[in-house]
Structures are given as structure tokens and as C-alpha cells.
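Here are my notes on the model, as numbered points. Please read them with the sequence and the structure open.

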Amino acid sequence: MWRHLALRSAVLPRRAATLAARRYTSATPDTSPTPDGVVVGCYEGETPSLELFSATAFAINDRTNNALFGQLERSGFRGKLGEARVFYPPAPEDDGPSAPVVPPRVAVVGLGKRPEGEVNEGVAWERARKVSAIGVKALQDVGARRIGVEAFANCPRSVAEGAALALYKFDHLKTKPKPKKSADPATTTTPPTSTPVDISVLSRTGDVCDALNAIPAAGAVPSPTDLSTGRVLAQSQNLARYLMETPANLMTPRLFAETALNEFKDLGGVTVKVHDEAWVLARGMHAFHAVAKGSAEPLQYLEIHYRGRELAGAQGKVVEESSETAVSNKESVCDVALVGKGVTFDSGGISIKPSAGMGLMRGDMGGAATVLASLHGIARLRLPINIVALIPLCENMPSSSSVKPGDVVRASNGLTIEIDNTDAEGRLLLADALYHATSFQPAAVIDVATLTGAMDVALGRVYTGVFASHHHLWAHVARAAEKSGDKAWRMPLDPAYLAQMQSSVADLKNAGDRSAGACTAAIFLHQFLRPAVPAAKALAAEVSAEGEILGAVPYVHIDMAGVMHYARAADGYNTAGMSGRPTRMLIEMVRSMAKV
């Protein structure tokens, strides 16, 4: 049955991922002088006042001869953050060539209390994302297709992020209703979801601004605040959403690998290699293979190289100034290794999960999806840094050939692992991939995984859990989280937690007790960044006076289990469904490490 479903899935469009990721905002901004809807802001007050309008809102209101403010005043609008109203200002009586252009729809979005003093950049950008998302969605719901958005926080990037993330929908598997011929596209409130929306940025005078909407020259690295940067960031996260949301029969390891080949085929500086079971076994990756062998779907192992230094002529670029991660001044070095857990469906194996909610385990390859999507965005932005991405892909299924509780397997670094729980399978995939990552001698290794339910319990849907072996790596994460609005919280990476992972028959077991489950999983993974060492030596790992773990490559483990999925929309742009987080944070982190 599974084989038939997988074969049938091949008839889907080969560019489905890209189309789904980009379909709700155009690839290039619409510079039409006449948007059919605009989004402007108004600060909070006891009663509406022209003084509470933003500069752009004031200019649009002036064009309407104060009609917009009159409608706002009668609506009961108070300007609370995220509050939105759509108004339909009357066209000017004088419709001659010198008459002001009045948009047929105006979404006024509350900006909250007017800030006093200097505002933190990250806070301002996040507010811009949310109000842009709310305004654009409100206009789309009433039929707008060419939407101009105020440059909130003077950051076109945030406008593009909020808009593109808010408008994304995973609906291409649904049968579409035929559009009614009599529908007036200017007034309909139920627009076809397949119709894209063009987004442009407005100046303070209310005009579409060519400078704010400019597309960088071919080969140039876009500015961090450019509209084009925001569009790439959002489309990357939407790609991750698509990969995670796609049903498991339509996103098997083979189909995921085919999607990767398809997505990267037109991008410069990228090489994609797809390895099979024989390659995995030849390299002693028995931990990964132990999980994969229970499924009829063959495993795949993706190895993707991005050579950004060559693209940018960035010879001599270094990732870090500290002596621990300084790299050679060569274009061929590996600056960062990204590793993503790719379990395309997780039943739990022999330690099978309860049936309730098991369908969400199609997203258990969220680490693989976000790593792939992040690298895709990094390549589109042409960041001057070299990256290798490693993605082990398989299903975790129960069968007569599945790994069993009590089995012992040997990972590629030589450590033996007792399988205490077959539902703690992600760390087995990552163990072999992490050790493979060290062979490229990267300056830092970052893995991303939907690893533990304990992280969901600890941080819920708000923060991604991050374990960092070195403080300067956490500094990059914290900076990226602030700029992207994708929140992260540092968790302890401490060798003391390894005591819970000791086995009586092997070097380690793959699951501890109920205490600190996310922390024990993280320190377990850290053991595979070097060749095998005895358990006693691992427990007594050398730690610096600052609390940094020494003796292995600098390491970041990102447990995204809590933020994998939203049962309901969390805010303007974090819509219900698979989240695609922390894709934008990863891209921003790499930008920080590349010093651009």
C-alpha cells in the first residue's frame, strides 16, 4: 500500500514546493501607481485624532479630503496593536488628470501606544511584520490584489516578511471551486485562493516608492532591510512549511530528495549529492540505518554543498574572531555544517505512539525541512560563506525488520548505543550525521530537529530551545532571533546530564528517564562530535571557566519540537498549520556569522 501511494505521488507537479512557497506574493514587487488597496498605521488613543496617524496614513487621508478620518472616527477604532478596519473612501469629485489618486480600499491597522524615546530595532521590526500581515490579510479578504503597504519601522524587509507569511496557504491538494463569472473582483469578499497578491512599499507621501521596491542587481548581496531580502526570508519559511505540511505518502525520503534536487538546480554555487543505503552502511552509519530498516521506503542521505565564498569572491573571510573557530583563509573551507533530522513519518516504531495526533508526525522531518529551506534562502541571498548541509532521511515504522528495544547498534564514531526506546529515533539519525559533519572540519556545527516532547512541555509554541557549547555561538543565535522575530531560549548543555544516558550493556542508551528529557538528548548528541570515548571520560568532559565545553567542534543544537505546529493562528503571520520555524532565524544566524 505504501509503495503504491508513493508512486502515485510522483504525478504531482515537480515544482509544487516552489509554487506553494511563492504563490501568494509575486516574485517581483508591483510598481503600479494605482494599488487597489493600501495598508497604513494609526497609533492608539482614547479617541481618533489626526495626530495619531502615521505620516503615510496622513498623506492618504489628505488625498481623500479627510473622508478616511471621518470613516475611522465613526467606526469606533482605537488603534490598539493589531486592531484593523478596512475603509472605502469615496473617489474624488474631480477625476481629471490632476486629481489625487485615492485607493479604493484602505486598511488602517493599530500600532499601539506611540513609543517614547528610542525603540529597539528588533521590537520595531517584529511589530512591522505583524501589522503588515494583519493589514494585507484584511485587504486580501475583501478582494485586493495589488496592495501597497506603509514602510513600517522604515524596514521594507519586515513588510515583505509579514505579508508573504500571512498569505501562505497549503491548499493545492483541495479541489478548487470554479469562479463565478459574475463576480466583481473589486468587491468580492471570497477571492480564489490561487490568485496571487502583489505587494509594494509606500513612501511617506503614500506613493509606491521605486527606491524602496528596488531589486538588487544580479549577483549582488541584498541589504538586510531590503524588500527583496524579506521576500526571500518569507519564501524560504514557506518552503519549509510546504515540506512539513505535505502528507507523508507524498513526501517520502525519495520524494524529499527529488524536491531538493529540483529546488537547487537553478542556484549557483550549490552541489547536491543523494546517497543510498549502501553508501550509509559503507561508512558505518548503523545508528541511522537501524531506524530506517523498519520501513519499506528506502532511506536517503542528502549532502548539499554551498560555496558562497566563491560566488562573492570572499577569500579570507572568517566566521569568528575567537581562536576556537577561526578558519583558514581559503575559499574551499567549510565554515558551517548544518544537520537536519529527516524522519518523514514517525510512528514511533516498535515503541509505537498513540494514534491520537499521529498524523502530525508527517512534520517530524521539520529539522530537515528548515535546514533545506534555510540553505535555499542563503543561496538566493548569495551570502559569502561556505556551508555543508547533511540531511538523513527515513521513516520510523514498526515491522519484522525494525530495530527493537534492547538492541545495541554501533554509530559511525564507534560508540555503541542501547535502544531503550525506538521512539527516540531522531538522535540516532543525528548521531551519524553529526560525526560525518566533523569530517569537513567546520568552524561550527548546527543541528535542527523536532527532537523531544520535553521541549514542547518546557517552552511551548513561543520559544525554540537552543543548546550552545560556546557563548559566542549563542550570541549569534540571540542576535538572529531578535532580528527575525523568531524567539529562541538558551537551554543548558551540561555533561552532568549524561549520567542519565548510561547503559549496562553499551556505551550509551538512547533515552533517559522523564527528568530533563531535552537536556539529556542534547548532551547525548554532543558525544558524536568526536571519536568514541569511554563513558567516564565523557562525564568528566573538560569545561572552561566560562562554562563552555571543550574538546569538540563548537556546536549548537536546536530543538524545534515545541514550535513545529500551530493548532490555531498565533498572530498575524504565524498561521495555523506547520510553522516552518526556525528557518528565518537560521538564515539570520548564518548572515551574522558571515558578517554581512
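1. Helix H16 comes first. Of its 10 residues, 10 are buried, so H16 is largely enclosed by the rest of the structure. Buried means a relative accessible area under 20%, exposed means over 50%, and partly exposed is in between, with a 1.4 Å probe and protein chains only. The buried residues of H16 are Gly 517, Ala 518, Cys 519, Thr 520, Ala 521, Ala 522, Ile 523, Phe 524, Leu 525 and His 526. Helices (H or I, at least four residues) and strands (E, at least two) are DSSP runs, numbered from the N terminus.

2. Basis of the model. This is a predicted model, in which local features need pLDDT of at least 70 and side-chain atom pairs count only at pLDDT 80 or more, while totals for chains, interfaces and linings use all residues. Residues are numbered from 1 along each chain as its sequence is written, and side-chain values use heavy atoms, with hydrogens and water left out.

3. Confidence. The pLDDT is the predictor's confidence in each residue, from 0 to 100. The protein chain has a mean pLDDT of 88, and 88% of its residues reach 70 or more. Residues 1–16 have pLDDT below 50, and this stretch has 20 contacts in the model beyond near neighbours in sequence. Residues 182–194 also have pLDDT below 50, with 22 contacts beyond near neighbours in sequence. Contact means heavy atoms within 4.5 Å.

4. The chain as a whole. The protein chain holds 18 helices and 19 strands. Of its 596 residues, 59% are buried. Among contacts with a separation of 6 or more, 78% are between residues 24 or more positions apart.

5. The largest pocket. About 980 Å³ of space lies in this pocket. It has 33 lining residues, and those closest to its centre are Lys 353, Asp 423, Thr 452, Gly 453 and Ala 454. Two elements give two or more residues to the lining: helix H14 (453–459) and helix H16 (517–526). H14 gives the largest share, 3 residues. By type, the lining divides into 11 nonpolar, 10 polar and 12 charged residues. Here Ala, Val, Leu, Ile, Met, Phe, Trp, Tyr, Cys and Pro count as nonpolar, Asp, Glu, Lys and Arg as charged, and the others, Gly among them, as polar. On a 1 Å grid over the protein atoms alone, a pocket is an open set of points where a 1.4 Å probe fits, with protein on both sides within 12 Å along at least five of seven lines; lining residues have an atom within 4 Å of a point. Grid points are joined across faces, edges and corners, and the volume is the space filled by probe spheres set on the points.

6. Arg 530. Arg 530 is buried, with a relative accessible area of 16%. Not counting residues up to four places away in sequence, Arg 530 touches Asn 413, Tyr 435, Ala 538 and Gly 551.

7. Glu 395. This residue is in strand S10 (residues 386–396), and Glu 395 is buried at a relative accessible area of 2%. Its side chain makes a polar contact of 2.7 Å with that of Ser 295. A polar contact is a pair of N or O atoms within 3.5 Å; within protein, one must be able to donate a hydrogen and the other to accept it, and residues adjacent in sequence count only if both atoms are side-chain atoms. Leaving aside neighbours within four places in sequence, the contacts of Glu 395 include Pro 253, Val 291, Thr 344 and Phe 345.

8. His 275. Strand S6 (residues 270–275) contains His 275, which is buried at 11% relative accessible area. The side chains of His 275 and Glu 303 make a polar contact of 2.9 Å. His 275 and Leu 302 are 27 residues apart in sequence and 6.3 Å apart in space, C-alpha to C-alpha.

9. Backbone points to check. Most residues other than glycine have a negative phi, and most peptide bonds are trans. Asn 66 has a positive phi of about 75° and lies in the loop between helix H3 (55–63) and helix H4 (67–75). Arg 382, with phi near 55°, is in the loop between helix H12 (366–381) and S10. Asn 66 is partly exposed at 36% relative accessible area, and Arg 382 is partly exposed at 23%. A cis peptide bond, with omega about 5°, joins Arg 581 and Pro 582.
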